[in-house]
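User: I would like to go through this structure with you, one topic at a time. Please keep the answers brief.
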Amino acid sequence: MTNPLALIALLPLLGFLLNGTFATALGGNRFPHKIAAAIGCAMPIAAFVLTIQVFLTLQGGGYEPLVAPLYRWALVGDHRFDITFYFDRLSAIMTLVVTGVGSVIHIYSTGYMHDDKSFGRFMAYLNLFLFFMLLLVLGRSLLVLFVGWEGVGLASYLLIGFWFDDAANAAAGRKAFITNRIGDAGFLLGMFLLYRAFGTLDMDTITMAFAAGQGAMVSAGLVGLFLFIGATGKSAQIPLYVWLPDAMAGPTPVSALIHAATMVTAGVYLVARMSGLYLQAPDVSQLMAVVGVLTAFLAATIALVQTDIKKVLAYSTVSQLGFMFVALGVGAYGVAIFHVVTHAFFKACLFLGAGSVIHALGGEQDIRKMGGLRTRIPITFWTFLIATAAIAGIPGLAGFFSKDEILWFALASERGGAPWLWGMGAVTAFLTAFYMTRLLWLTFFGASRMSHEVEHHVHESPLSMTGVLGVLALLSIGGGYIGIPHFLEPLMPLPPVAASMSQYHTPLLYGSAMIAFAGVGLAVWLYRGPASRVDGLARSAGPVYRLLEGKYFVDELYAALFVRPLAWVSEHVFLRIGDRMIIDGTLNGLAAFAQRSAGWLGRVQTGSLQLYALLVMLGMVGALLWSWRHV
C-alpha cells in the first residue's frame with residue numbers, strides 16, 4: 001500500500017461503483033439486500049480503520065503533515081494543477097469524524113432502509129457522498145476541495161430527492177442544489193483571486209503566505225468575503241440557510257449524514273483551513289461572527305414551534321452551525337472544529353433517534369401525535385435523552401464543553417469578542433435547551449396521543465439501529481473530554497483573551513450550566529401539564545407565534561423578490577420573446593420564405609415545351625441587349 005490517503009477516499013468510491021453497477025442494474029429483487037449492505041458498509045468501515053492507521057503514522061512522525069501526490073490533472077503553459085492529498089492535524093480530525101460517524105450511519109441504514117425497493121441505490125449514493133466528502137477534507141488545494149465541495153452538492157441532491165416519485169422530495173433536492181450554487185459563485189471568485197495573486201491553490205502555501213505577511217498582492221478582506229459567501233451556502237447561514245430545513249425530505253439517515261458530520265460542516269472546515277487569510281481580514285471575521293450569532297438565534301426561535309420531529313432538529317443544526325461561525329469570527333478556529341466534532345456525535349444520535357421513533361410509529365413525524373414512548377422504545381428513549389442533554393449544554397456532556405468555549409471566546413477574545421455577542425449566544429443556548437426538552441417531552445413523556453393503529457404498531461428498532469444509537473450516545477457523553485482545541489493549537493492558536501476578562505471565566509462556566517438547566521426546567525414546567533395550557537399560551541402569543549410558525553416568511557419573501565420575478569422573466573422575456581419570437585420566429589420565417597419562394601419558382605416548372613422555348617428566347621434577347629449596351 002503505497003498511498004493510504006488515496007485508498008481512504010477510493011474505498012467508498014469502490015462501494016459506489018459496485019452497488020451502483022450491480023444493485024442498480026439488476027434491481028432490488030435480483031441483487032440481495034445483504035450483499036448491497038455488506039458492500040455499502042464494508043468500504044466506509046475499512047476507510048475508518050485505515051484512517052486510524054494513518055493517524056498513528058502522523059502521530060509517530062511528530063505530526064509533520066503527510067503529503068501524497070496522486071497525479072497531474074492539467075498543465076497549461078507553466079501552470080500546473082496537481083491532485084494531491086494532505087493529512088495534518090485538522091484533516092486528521094475531519095477524516096476520522098467523516099469515516100467514523102459515516103460508517104455507523106451506513107450500518108444504521110441497513111435496518112432503517114431494509115424494506116426499500118431501491119436499497120442498493122441508496123447505499124451507492126451514501127458511499128458516493130462519503131467519497132466526495134473525503135475528497136473535500138483531504139485535498140491539499142482549493143481546486144480539489146472544490147471538486148469535493150460540488151460532489152457533496154450532487155450527492156445531497158440525489159439523496160434528498162431519493163424518493164423522487166413524491167414531487168415535494170424532488171423539489172427539496174432542487175432547492176438544496178440551486179441554493180448552494182449561489183454560494184459557490186462566491187467561492188469561485190475567491191479562488192480566481194488567490195490563484196492570480198499566488199500562482200497556486202495549495203491551501204497550506206496560501207495560509208503560510210498570509211501568516212508571513214506576503215498577502216499584500218491581494219485583498220484578504222475581498223477574498224475572505226467571497227469564500228465566506230461560499231461557506232454561507234454550504235453551511236446554511238443567513239441568507240442561504242433556507243435549503244437545509246427542506247433537506248428533511250430525504251430518508252432519515254441522509255439527514256443524519258448531511259447534518260452531523262459531513263456536508264454542512266464543509267464551510268466551517270474551509271474557513272478554519274484558511275485561518276491565516278481570515279486573521280488578516282478582521283472586518284470579514286467580524287461580519288462572520290455577526291452572521292453566525294444572528295443565524296443561531298433566528299433558527300432557534302423557529303425551532304420553538306416546529307411540530308415535525310425532523311424539522312426541529314433541522315433548525316437546531318442551522319443554529320449550532322451559527323455557533324461555529326461565531327467561534328470562527330472571533331478567531332477561535334480550534335473551538336469551532338471542537339463543536340463540529342461534538343455536534344457530529346449528539347446530532348447524529350438525535351437524527352438517528354428520530355428515525356427510530358419514525359420507524360416505530362410507522363412513518364409518523366408529528367410530535368403532537370406521539371407521547372408516552374419512553375417505556376415502549378426504551379433504548380431509543382435513553383439514547384435520545386443523553387443526546388438531548390448534550391446539545392442542551394448539561395455539564396459533563398459533550399455539548400457543554402464545546403458550547404461553553406464558544407461563549408467564552410465570544411465574550412473575551414481580543415479578535416472581536418463583545419458582551420452583546422455573548423448575550424445573544426447565551427439567549428440562544430437557553431432557547432436550545434428549551435426547544436430540545438420540548439421535543440423530548442412531547443415525544444416520550446405524558447399520555448399517548450397516538451391513534452389506535454399507530455399505537456398498535458409501536459416497537460423497538462432492530463439491533464443494527466439501536467446499537468448505533470448506543471455508540472453515539474457514549475460519544476455524546478465522552479466526546480467533550482477530547483482536547484481538540486489544544487490538539488489543533490500548533491496549527492490554529494487560540495485567540496488572545498483580554499486581561500480584564502480572565503476573572504470571569506469560572507463564573508461564566510457556572511452561568512452556562514445555569515442557562516442550560518433554566519431552559520430544561522422551563523420546558524418541563526410548561527409541558528408536563530395538559531396540552532390545552534400550552535395551546536392557550538401559544539394562542540396568547542398571537543402574531544409572534546404566527547411569525548415563528550411561518551418561519552419569518554423568508555421563503556415567501558424570496559419567492560416574491562426572486563423566484564416569481566425570475567419565473568416571469570423566463571417565461572415572458574426568454575421564452576416568449578427570445579425563444580418563440582426571435583429564435584423560432586427567425587427559423588420559421590426563413591422556412592416560410594423558402595416555402596413561398598419554392599412555390600413561386602415551382603410555377604415556372606409547368607412541363608410546357610413552348611413556355612420553356614419562350615423563356616430561353618427571352619433570356620437570349622435579354623443577354624444580347626445587355627451586351628449591346630455595354631459594348
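User: Which helix holds asparagine 19?
Analyst: This is a predicted model. In it, asparagine 19 belongs to helix α1, which covers residues 4-26.

User: Is asparagine 19 buried or exposed, and why?
Analyst: Asparagine 19 counts as buried because its relative accessibility is 0%, and buried means under 20%.

User: What lies 3.1 Å from a polar atom of the asparagine 19 side chain?
Analyst: That is the backbone oxygen of alanine 36.

User: Turning to the strands, how many bridges join β1 to β2, and how do they run?
Analyst: Nine bridges join β1 (residues 66-76) to β2 (residues 79-87), and the two strands run antiparallel.

User: Which residue in β2 is the bridge partner of proline 69?
Analyst: The partner of proline 69 is threonine 84.

User: And what phi does glycine 77 take in that hairpin?
Analyst: Glycine 77 has a positive phi near 65°, in a hairpin with two residues between strands β1 and β2.

User: Next, helix α5: what does it reach from its first C-alpha to its last?
Analyst: Helix α5, residues 142-160, reaches 26 Å, close to the 27 Å expected at 1.5 Å a residue.

User: How many of its 19 residues are buried?
Analyst: In α5, 14 of the 19 residues are buried, so the helix is mostly covered.

User: Last topic, the surface. Which residues make the nonpolar patch?
Analyst: Trp568, Val573, Ile577, Met581, Ile582, Ile583 and Leu587 form a nonpolar surface patch of about 690 Å².

User: Where is isoleucine 582 found?
Analyst: Isoleucine 582 is in helix α25, which comprises residues 554-604.

Note on methods: Residues are numbered from 1 along each chain as its sequence is written. This is a predicted model: local features need pLDDT of at least 70, side-chain atom pairs count only at pLDDT 80 or more; totals for chains, interfaces and linings use all residues. Side-chain values use heavy atoms; hydrogens and water are left out. Patches are made of residues with over 30% relative accessible area and no salt bridge: like charges are joined within 9 Å, nonpolar side chains (Val, Leu, Ile, Met, Phe, Trp, Tyr) within 5 Å. Accessible areas come from the Shrake-Rupley method with a 1.4 Å probe; for residues, only the protein chains shown count as cover. A salt bridge is a side-chain nitrogen of Lys or Arg within 4 Å of a carboxyl oxygen of Asp or Glu. Helices (H or I, at least four residues) and strands (E, at least two) are DSSP runs, numbered from the N terminus. Buried means under 20% relative accessible area, exposed over 50%, partly exposed in between (1.4 Å probe, protein chains only). A polar contact is a pair of N or O atoms within 3.5 Å; within protein, one must be able to donate a hydrogen and the other to accept it, and residues adjacent in sequence count only if both atoms are side-chain atoms. Two strands pair if DSSP finds at least two bridges between them. The expected span of a helix is 1.5 Å times one less than its number of residues.
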